[in-house]
Amino acid sequence: DHVARLIAAGEVVSRPLDVVRELVDNALDAGASRIEVELEGGGLTLVRVRDNGAGIPAGSVGLAPLRHATSKLAPDSGAALRVTTLGFRGEALWAAAQAGELHLVTRPAAQVGAAEVQACGDEVGVSRTSAPAGTTVTVRRLFARLPGRLRTQAPSATEAREVTALLGRYVLHWPGLHWRLTVDGEVRLTHAPADHRGAVASVYGALNANRVLPVSSGAVRGVVSRPELTRPRRDRMHFSVNGRPVLAPPELERAVIDAYAELLPAGTAPLCVLDLTVAPEEHNPNVHPAKQIVALADLGAVAAGVRAAV
Ligand code: ADP
Ligand code: MG
């Protein structure tokens with residue numbers, strides 16, 4: 001019923017940061033080369049993600065905000081999830097429409113007109129409009145109908161800071177794209193296509209970028225800092241698995257630190273950005289609603305590979 005649906009939606013989207021992550025994942029899955037994020041009121045007033053990706057064909061756009069509507073899992077893939085996209089549950093747009101007001105404008109490059117979708121709860125309206133190729137998704141008044149959720153939200157400045165950090169991680173792991181984040185109309189982060197070093201420059205400044213070295217060894221790519229750029233905390237160690245920024249298991253952080261041997265002062269950590277590629281059947285991103293934790297079938301082997309590469 002209505003209440004059960006609201007609760008389920010709140011599991012997928014528990015804060016504005018979740019909406020940003022889901023919408024950015026959709027833009028990446030759509031093959032976008034330019035992704036722009038806007039945040040107002042810490043995301044409770046507005047979250048908007050604009051991309052120049054594949055768009056949704058007018059014929060199927062009305063389905064997008066329905067629960068479990070996804071174009072990304074083959075119908076015969078069954079329970080043996082073989083995930084090659086960042087999204088796969090078909091719940092993000094649905095949850096955004098349940099928890100707030102969803103507005104989506106989309107046009108595949110080959111289609112003449114654009115489609116517009118307004119969804120609030122289970123009410124879905126589709127109309128025609130015109131727009132550049134790609135997709136713009138706007139979520140307004142998040143949790144306005146969920147006072148319990150609204151009460152437990154962080155202050156908007158805190159949420160904006162965390163969204164900025166999240167976008168920074170996307171820039172670090174997807175440095176070949178155009179990125180832009182504005183918070184309450186003010187540009188917080190911009191990045192033009194570059195390599196990993198360029199992404200470090202966009203996120204942490206040129207000084208840090210000048211002190212990283214490339215890592216490129218088959219399944220492990222990115223940059224690590226020279227030993228002198230050492231930090232008291234592990235807060236600048238970034239990993240992605242098949243393009244998804246993840247909270248790294250401590251074993252992977254350890255593998256990087258160990259690779260420096262005695263070059264790093266004890267208890268410190270380097271800056272690193274490492275993109276890991278594993279076979280889809282070797283990892284399961286479906287263990288956590290936010291998909292930030294992935295289960296790796298052979299963590300030991302992956303850690304050894306990371307250590308050797310670094
Ligand atoms: P999922 O990503 O798990 O498939 P979502 O609810 O996030 O589910 O999106 C539903 C569907 O809407 C996607 O499968 C995709 O077909 C389409 N879609 C959503 N966002 C975009 C986008 N930015 N560009 C193109 N298609 C999109
Ligand atoms: Mg998705």
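Predicted model: local features only at pLDDT ≥ 70, side-chain atom pairs only at ≥ 80, totals over all residues.
View 1. Take a look at the 23 residues around ligand 1, of which Ala30, Thr70, Ser71, Gly87 and Ala92 come nearest (a residue is near a molecule or strand if its C-beta atom, placed from the backbone, lies within 6 Å of it). Helix H2 (16-29) and helix H3 (92-99) are the elements that give two or more residues to this shell (helices, H or I with at least four residues, and strands, E with at least two, are DSSP runs numbered from the N terminus). By class, the shell holds 10 nonpolar, eight polar and five charged residues (Ala, Val, Leu, Ile, Met, Phe, Trp, Tyr, Cys and Pro count as nonpolar, Asp, Glu, Lys and Arg as charged, and the others, Gly among them, as polar).

**View 2. Helix H2 packed with helix H5.** The axes of H2 and H5 lie 9 Å apart at an angle of about 25 degrees (axes are lines fitted to C-alpha atoms, for helices over the stretch in contact, and angles run from 0 to 180 degrees between N-to-C directions). The two helices, H2 and H5, are therefore roughly parallel to each other (angles under 35 degrees count as roughly parallel, over 145 as roughly antiparallel, 65 to 115 as roughly perpendicular and the rest as oblique). Pro16, Leu17, Val20, Arg21 and Val24 of H2 meet Glu159, Glu162, Val163, Leu166 and Tyr170 of H5 (two residues are in contact if their C-beta atoms, placed from the backbone, lie within 7 Å). Seven nonpolar, no polar and three charged residues make up the contact of H2 with H5.

**View 3. The five-stranded sheet.** Here the strands form an open sheet of mixed pairing, in the order E9-E10-E13-E11-E12 (two strands pair if DSSP finds at least two bridges between them). Strand E9 (212-217) and strand E12 (244-246) stand at the edges with a single partner strand each, so one side of each is left without a neighbour in the sheet. From one strand to the next, the twist averages 20 degrees.

**View 4. The hairpin of E9 and E10.** Six bridges join these antiparallel strands, E9 and E10. Pro214 stands opposite Val223 in E10. Two residues lie between the strands of the hairpin, where Gly218 takes a positive phi near 60 degrees.

**View 5. The eight-stranded sheet.** This open sheet, also of mixed pairing, has the order E5-E4-E3-E6-E2-E1-E7-E8. Strand E5 (123-129) and strand E8 (186-191) are the edge strands, each pairing on one side only. Strand E1 (residues 34-40) and strand E7 (residues 178-183) pair in the parallel sense over six bridges, and Glu36 stands opposite Arg180 in E7.

Note on methods
Residues numbered from 1 in each chain as written. Chains lettered and ligands numbered in written order.
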